[in-house]
Amino acid sequence: MKSRNLVLLRGNLGGDPESQVLPSGERVAKLRLATNTYLRGPTGERVARTDWHRVEAWGRTAEFALTSLRKGDKVQVMGVLRQDVVTAPAGTKKYFVHVRAYEVESFNPRPGAPERGPLPNTADPDPEGASFVEEEMPF
């Protein structure tokens with residue numbers, strides 16, 4: 001069986017998308033996405049659990065996110081799970097997990113906003129300078 005890394009999330013943006021410009025000039029959009037899971041509590045009441053996800057979008061997908069999305073928007077994100085490793089000055093390693101979005105779709109139409117819908121990411125899925133290093137995986 002082939003392995004597959006695929007993430008599909010539907011939720012609400014916790015803030016406006018943040019823009020980051022790389023030395024190459026390419027823009028990256030960083031999103032914070034909240035998803036809710038509903039469970040039954042000990043007395044049968046419905047209890048919501050909110051999970052927060054870090055999402056990065058590149059290329060045309062980033063441009064769409066930065067120009068069309070705002071805090072509170074309902075969105076669907078499809079992408080892959082990525083792990084970054086950062087070495088602190090003390091030599092300790094910190095691991096961060098995020099979703100690398102290939103498609104971002106909004107469910108909140110706004111007058112005058114660009115046409116909404118999934119936009120394929122045209123950026124290289126593993127751009128030069130990505131911080132993922134296989135031998136540094138924690139397992």
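Which residue in the turn of the E5 and E6 hairpin has a positive phi? Gly91 does, at about 95°.

**View 1. The protein chain is built from 1 helix and 6 strands.** This is a predicted model, in which local features need pLDDT of at least 70, side-chain atom pairs count only at pLDDT 80 or more, and totals for chains, interfaces and linings use all residues. Residues are numbered from 1 along each chain as its sequence is written, and side-chain values use heavy atoms, with hydrogens and water left out. Helices (H or I, at least four residues) and strands (E, at least two) are DSSP runs, numbered from the N terminus. Read from the N terminus, the order is β-β-β-β-α-β-β. The chain has 139 residues, and 35% of them count as buried. Buried means under 20% relative accessible area, exposed means over 50%, and partly exposed lies in between (1.4 Å probe, protein chains only).

**View 2. Strand E3 pairs with E1 and with E2.** Two strands pair if DSSP finds at least two bridges between them. E1 (residues 7–13) and E3 run antiparallel and share 2 bridges. Here Leu13 faces its opposite number, Leu33 in E3. E2 and E3 are also antiparallel, joined by 4 bridges. Glu18 stands opposite Lys30 in E3. The hairpin of E2 and E3 has 5 residues between its strands. Gly25 sits in that turn, with a positive phi of about 95°.

**View 3. E3 and E4 form an antiparallel pair over 13 bridges.** Val28 stands opposite Trp58 in E4. This hairpin has 5 residues between the strands, and Gly44 takes a positive phi near 90°. Now look at Arg46 and Tyr38. Arg46 lies over the face of the Tyr38 ring, 4.0 Å from the ring centre. A charge sits over a ring if NZ of Lys or CZ of Arg is within 6 Å of the ring centre and within 35 degrees of the ring normal.

**View 4. Thr35 belongs to strand E3.** Is Thr35 buried or exposed? Thr35 counts as buried because its relative accessibility is 11%. Its side chain makes a polar contact of 2.8 Å with the side chain of His53. A polar contact is a pair of N or O atoms within 3.5 Å; within protein, one must be able to donate a hydrogen and the other to accept it, and residues adjacent in sequence count only if both atoms are side-chain atoms. Leaving aside residues up to four places away in sequence, Thr35 touches several residues, including Leu9, Arg49 and Asp51. Contact means heavy atoms within 4.5 Å.

**View 5. Ala57 lies in strand E4.** Ala57 is buried because its relative accessible area is 0%. Beyond residues up to four places away in sequence, Ala57 touches Arg27, Val28, Ala29, Ala62 and Ala101. Val104 is 47 residues from Ala57 along the chain, yet their C-alpha atoms are separated by 8.1 Å.

**View 6. Helix H1 (residues 59–68) is mostly covered.** Of its 10 residues, 7 are buried. Among them are Phe64, Ala65 and Leu66. Which strands do the buried residues of H1 pack against? They pack against E2 (18–21), E3 (27–40), E4 (46–58) and E6 (93–106).

**View 7. Strand E6 pairs with E4 and with E5.** E4 and E6 are parallel, with 3 bridges. Glu56 has Arg100 in E6 as its bridge partner. E5 (residues 74–87) and E6 are antiparallel, with 13 bridges. Arg100 in E6 also stands opposite Val80. The hairpin of E5 and E6 has 5 residues between the strands.

**View 8. Ser106 is found in strand E6.** Ser106 is buried because its relative accessible area is 8%. A polar atom of its side chain lies 3.2 Å from the backbone nitrogen of Asn108. Leu69 is 37 residues from Ser106 in sequence, and the two are 7.4 Å apart in space, C-alpha to C-alpha.
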